[in-house]
Amino acid sequence: MGGKYAKEKQVFFFNPFTRKKIDLPDLPPDTAFTKFSFSGLPTSEDCVVVGIMNLLSLMEIAVIKPGEDDWEIEDVDFRESDENYRVKKFCISANPILVDNYCYCLDVDGKVAVFDPLDDCENSLEFYGMRLSRRQRDSLIQSFMVESDGELIAIFLSSYGRISVLKPDACKRNWVNVEDLGDKVIYLSNGGSWVEKRRVSCDNNRIYLPMLYDNNKAVIFYDLKTQRYHCNGYDFSSTNFYHIKQIPHSVWIKPT
């Protein structure tokens with residue numbers, strides 16, 4: 001998805017391979033939605049687009065299906081009270097993801113909020129997962145969430161380079177470590193992240209990141225088994241990314 005945030009808030013789908021563009025209605029000029037997700041091909045009748053904007057104590061949620069004339073916009077209170085009735089603010093850290101018509105949002109502290117974007121968002125809102133420990137939160141610089149075979153996976157990147165891959169337990173109360181991705185590979189970027197089956201056997205346990213090595217000649221990946229950064233074709237191995245070029249405004253794309 002793309003957007004042109006001038007006076008009118010233009011939102012559109014764009015296929016870089018075919019150059020085809022599908023416009024959506026403009027968002028209201030007094031909004032600033034920064035997180036978007038969609039459920040499938042924009043040419044599908046079942047495609048749902050969700051935009052989310054962080055406010056001080058609320059989330060503003062915009063929902064539309066391609067072909068509709070207007071966005072449905074709803075303010076939702078994402079604050080949650082803990083067992084001591086202390087209110088916890090929710091600040092979304094990554095693009096939401098849509099799975100089986102439900103929208104999942106990851107908080108900067110590790111909680112997950114889920115709601116039905118085609119129903120009353122606030123009344124369908126639920127929380128699960130456990131907040132990360134203070135030590136984890138203090139070192140966290142970025143987080144992502146992806147879906148793999150109907151299961152949520154959260155990826156947390158620490159300031160010292162360690163990447164943690166977690167998934168909810170059976171009761172959806174706690175995070176459990178994922179130490180082996182099996183035949184899957186993860187691609188992460190601020191613009192969008194996904195999981196797919198590995199194409200070659202050497203791709204086991206790899207997480208590809210928007211980072212480049214040797215004057216932009218090679219893409220960096222993190223090996224979940226060795227817990228080190230590497231890149232194909234180079235004798236490079238590191239526990240951190242201090243001397244690696246990062247591309248913050250980027251997105252992985254692939255032909256459909």
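**Entry 1: strand pairing**

I looked up glutamate 60 and found that its bridge partner in β7 is aspartate 75. The model I am reading is a predicted one. Strand β6, residues 59-64, pairs with β7 in the antiparallel sense, and I noted 5 bridges between them.

As a reminder to myself, strands of a sheet pair through backbone hydrogen bonds.

**Entry 2: cysteines**

How many disulfides does a search of the whole structure find? I get 0 disulfides. Cysteine 121 is in no disulfide, and the nearest cysteine sulfur, which belongs to cysteine 103, lies 8.2 Å away. The cut-off for a disulfide is 2.5 Å between the sulfur atoms.

Is cysteine 121 buried or exposed? I put cysteine 121 down as buried, because its relative accessibility is 3% and the limit for buried is under 20%. Cysteine 171 is exposed, with a relative accessible area of 58%.

**Entry 3: salt bridges**

I counted 6 salt bridges in the model and went through some of them one by one. Side chains of opposite charge can pair when their charged atoms come close.

Arginine 137 and aspartate 109 meet through their side chains in a salt bridge, at 3.7 Å from N to O. Arginine 137 sits in helix α1 (residues 134-139) and aspartate 109 in the loop between β11 (102-106) and β12 (112-115), so this pair ties together parts 28 residues apart in sequence. I logged arginine 137 as partly exposed, at a relative accessible area of 27%. Aspartate 109 is partly exposed too, at 21%.

Next I looked at aspartate 149 and lysine 184, whose side chains meet in a salt bridge of 3.1 Å, N to O. Aspartate 149 is in the loop between β14 (140-148) and β15 (151-158), while lysine 184 is in strand β18 (residues 184-187), so the pair joins parts that are 35 residues apart in sequence. Aspartate 149 counts as exposed at 68% relative accessibility, whereas lysine 184 counts as buried at 14%. I also noted that Asp149, Asp183 and Lys184 are linked in a network of salt bridges.

Which lysine forms a salt bridge with glutamate 151? I found lysine 167, with the closest N and O atoms 3.9 Å apart; the limit is 4 Å, so the pair counts. Glutamate 151 lies in strand β15 and lysine 167 in strand β16 (residues 163-168), so parts 16 residues apart in sequence are tied together. Glutamate 151 is partly exposed at 34% relative accessibility, and lysine 167 is partly exposed at 28%.

**Entry 4: a nonpolar patch**

Last, I checked the surface. Phe17, Val251 and Ile253 make a nonpolar surface patch of about 290 Å². I placed phenylalanine 17 in the loop between β2 (9-14) and β3 (21-27).

Key
Residues numbered from 1 in each chain as written. Predicted model: local features only at pLDDT ≥ 70, side-chain atom pairs only at ≥ 80, totals over all residues. Heavy atoms only, no water. Patch = residues over 30% accessible without salt bridge, like charges linked within 9 Å, V, L, I, M, F, W, Y side chains within 5 Å. Areas by Shrake-Rupley, 256 points an atom, 1.4 Å probe, with all protein chains shown as cover. Helix = DSSP H or I, 4+ residues; strand = E, 2+ residues; numbered from the N terminus. Pairing = 2+ DSSP bridges. Buried < 20%, exposed > 50% of the residue type's maximum accessible area, 1.4 Å probe, protein only.
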